[in-house]
Each structure stands twice: as C-alpha cells, then as structure tokens.
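Here is a friendly walk through one protein model, for anyone meeting it for the first time. Have a look at the picture, then read on.

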Amino acid sequence: MDTLYSTRVTAIGGRSGTIRSEDGLLDLSLALPTAMGGKGGATNPEQLFAAGYAACFENAVIHVTRNKIAKVKDSDIVVVAEVALSPNGSGGFVLSVALDVAITGFDQATAEEIVQAAHATCPYSNAVKGSIDVAITITTN
C-alpha cells in the first residue's frame, strides 16, 4: 500500500505540555480542561481529535460525491464533531464521538446515503471502527 501522506508530531509534558509538528506549522501548548480539574487556557487532545475528525469527515463527504452528478461543495456542508472522554469502569478511559452533519441542497434520504458512504471512506471513521462509538446526526437545508 502506498502512503499518501505522513506526518510526525512530538508531545512533551503530556496534557499540560506542548505539541509540535516536524514542520513547525502545529506548535501548541496543552492544558488539562477545567472540567477535569485543570487550569484550562490551552487546547487539549480531545479538541484536536474533534477538529481533525470534523475536517476529515467533511472532506470525505465531498469526496464521495466527486464522480456524481450532484456534488457536495465546500460551502454545502458543515460538520461539528463532539468528542467525549469517559471512565471505562476499570481504571481507564474511553472516547465517544458525535458528528452533526448539515448538508445543503439534498433531500434527507440522499444526504443519509452520502454520509454513510463518507463514514465508510473517512480514515478517522475507519480508524475508530469497533473501538469508539460514533453517533451521526444528519440535517438538510
């Protein structure tokens, strides 16, 4: 299998540290959220995961319609990803994801078909399949 893209990010200091990509474009401080007893004021791994998943899923929706007559354009779709961190009952933690997908210009049934195809295509969806619960809500305008 050919790799289309690869990147490296270094984390130092855990949830209260820093992250930096090898090209320096991503260079952020991290902080434990106040909801978890931290001081907040900086991003956290769950926000970064939600941002990546939302952007990637949106592009997957656009991708699956590329060869169709009716295409989803960048301005036709908004994806909001909510990532939740919960205890797993045995001392560890689990993530869950809720994706709210809003598509303009399609009826509900077509939008649902497109989103299901995107869910099967998106690398984030494929990576978490079977290990993270993903709930998807689809609305049309």
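Let's begin with helix 1, whose buried residues are Glu-46, Ala-50, Gly-52, Tyr-53, Ala-54, Cys-56, Phe-57, Ala-60, Val-61, Ile-62 and Val-64. Keep in mind that this is a predicted model. What covers those buried residues? The cover includes strand 4, strand 5, helix 2 (108-121), helix 3 (123-128) and strand 6 (133-140). As for spacing, an α-helix has 3.6 residues a turn, so residues three or four places apart point the same way.

Helix 1 itself has 20 residues and spans 28 Å from its first C-alpha to its last, close to the 28 Å expected at 1.5 Å a residue.

**Charged pairs**

Glu-46 lies in helix 1 (residues 45-64) and Arg-15 sits in the loop between strand 1 (9-12) and strand 2 (18-21), so the pair ties together parts that are 31 residues apart in sequence. Are the two residues buried or exposed? Glu-46 has a relative accessible area of 12%, so it counts as buried, while Arg-15, at 27%, is partly exposed.

How many salt bridges are there in total? The count comes to three, and here they are:

| Asp-27 | Arg-20 | 3.5 Å |

Three of them make an open sheet in the order 1-2-3, with antiparallel pairing. Strand 1 and strand 3 (27-29) are the edges, each pairing on one side only. On average, neighbouring strands in this sheet are turned by 10° against each other, direction ignored.

Four bridges hold strand 1 and strand 2 together in antiparallel fashion, and Val-9 has Ser-21 in strand 2 as its bridge partner. Five residues lie between the two strands of this hairpin, and Gly-13 takes a positive phi near 90° there.

Strand 4 and strand 5 have already come up as part of the cover over helix 1. How many bridges join strand 4 to strand 5? There are 11, between strand 4 (residues 77-87) and strand 5 (residues 93-103), which run antiparallel. Within this pairing, Glu-82 stands opposite Ala-98 in strand 5. The hairpin has five residues between its strands, and Gly-89 adopts a positive phi near 90°.

Key
Residues numbered from 1 in each chain as written. Predicted model: local features only at pLDDT ≥ 70, side-chain atom pairs only at ≥ 80, totals over all residues. Heavy atoms only, no water. Pairing = 2+ DSSP bridges. Salt bridge = Lys/Arg side-chain N within 4 Å of Asp/Glu carboxyl O. Buried < 20%, exposed > 50% of the residue type's maximum accessible area, 1.4 Å probe, protein only. Axes fitted to C-alpha atoms, helices over the stretch in contact; angles between N-to-C directions. Expected span 1.5 Å × (residues − 1). Contact = heavy atoms within 4.5 Å.
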